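The following exercises concern a single protein model.

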Amino acid sequence: MSNKNHLGHTAKKRFGQNFLHDDAVISRIVDAIDPSAGENLVEIGPGLGALTEPVIERAGDISVVELDRDLAHRLRHHPFIAKHLTIHETDALKFDFSSLATEKQLRVFGNLPYNISTPLIFHLLSFKDCIKDMHFMLQKEVVNRMAAGPDCKAYGRLSIMSQYFCQVMPVMEIGPEAFQPPPKVDSAIVRLIPHKEITYPAKDVKWLERVTREAFNQRRKTIRNSFKKLISVEQLQELGINPGLRPENLSLRDYIDVANYLTDNPPAL
């Protein structure tokens, strides 16, 4: 079942649609996901079914979340795969993924629309306890940011929050020619495996989100400046953190230390 034929569907800019059409690339992605029968598989944004069909061939029934009404309608009437699909016609950003969890954890995958990929990943991380793993096609730059360590330009809030919740594993890179229409950027597949146990937990994740946001909103400033409403220079020094560093010089553990300090000693507003 080839996906070369788009059956007259035009990619919609507002949904950030770029459809995979290279069979060799599709095959490698499905191999990376490695689906099998009986698993609780969930695809986000199945589009024209480029990944959906070969995953169903290996795994049988799957759930899909699709916002585009035309595409959801097409999937409902697809001659090969309709009977294997449970279609949730809704916005993945607002969807309660825990509603799909059974005794089997979710295996989530998809070619994510680039315009919502970061907020969608943050949304999914809030359901991490019912997710076994995630495989996403993203902009290569986003995957680089998720996997980046301290002291480099790509390192930022997405790196810290992704790595706090998950093991982040870049799997493969994909050029624009594998898509129709070709995007203006390179893509990559990332595998995210939520940590069963977080070895060094934040007492309150909301504080971890807040300190990373405050830091990287002004990444050129030193943390003495970006944190000045939250924590004093002396308090940073007590935590063993040099206030003259920039946000990209702090490790995940440093951010957790600041978040935990602020959980116990919230700043007076």
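**Exercise 1.** Is Asp34 buried, partly exposed or exposed?

*Solution.* The model is predicted, so local features are taken only at pLDDT of at least 70 and side-chain atom pairs only at pLDDT 80 or more, while totals for chains, interfaces and linings use all residues. Residues are numbered from 1 along each chain as its sequence is written, and side-chain values use heavy atoms, with hydrogens and water left out.

Step 1. Buried means under 20% relative accessible area, exposed means over 50%, and partly exposed lies in between (1.4 Å probe, protein chains only).
Step 2. Asp34 has a relative accessible area of 49%, so Asp34 is partly exposed.
Step 3. Asp34 belongs to the loop between helix 1 (23-33) and strand 2 (40-44). Helices (H or I, at least four residues) and strands (E, at least two) are DSSP runs, numbered from the N terminus.

**Exercise 2.** Describe the backbone at Asp34, Asp151 and Pro181.

*Solution.* Step 1. Most residues other than glycine have a negative phi, and most peptide bonds are trans.
Step 4. The peptide bond from Gln180 to Pro181 is cis, with omega near -15 degrees. Pro181 lies in the loop between strand 8 (179-180) and strand 9 (187-194).

**Exercise 3.** Determine how helix 4 and helix 6 pack against each other.

*Solution.* Step 1. The axes of helix 4 (residues 117-125) and helix 6 (residues 157-165) come within 11 Å and cross at roughly 25 degrees. Axes are lines fitted to C-alpha atoms, for helices over the stretch in contact, and angles run from 0 to 180 degrees between N-to-C directions.
Step 1. Helix 4 is therefore roughly parallel to helix 6, a class for angles under 35 degrees.
Step 2. On helix 4 the contact (heavy atoms within 4.5 Å) is made by Thr118, Phe122 and Leu125, and on helix 6 by Arg157, Leu158, Met161, Ser162 and Phe165.

**Exercise 4.** How many of the nine residues of helix 6 are buried?

*Solution.* Step 1. The buried residues are Leu158, Ser159, Ile160, Met161, Ser162, Tyr164 and Phe165.
Step 1. Seven of the nine residues are thus buried, so helix 6 is largely enclosed by the rest of the structure.
Step 2. Among the elements that cover these residues are helix 4, helix 5, strand 9 and helix 10 (252-264).

**Exercise 5.** What is the strand order of the open sheet, and where does Asn111 lie?

*Solution.* Step 1. The seven strands follow the order 4-3-2-5-6-9-7, with mixed pairing. Two strands pair if DSSP finds at least two bridges between them.
Step 1. Strand 4 (85-88) and strand 7 are the edge strands, each pairing on one side only.
Step 2. Strand 2 and strand 3 (residues 62-65) run parallel and are joined by three bridges; Ile44 stands opposite Val65 in strand 3.
Step 3. Asn111 lies in strand 5 (residues 106-111) and counts as buried at 16% relative accessibility. Leaving aside residues up to four places away in sequence, the residues that Asn111 touches include Asn18, Ile44 and Phe179.

Notes:
Parallel < 35°, antiparallel > 145°, perpendicular 65-115°, else oblique.
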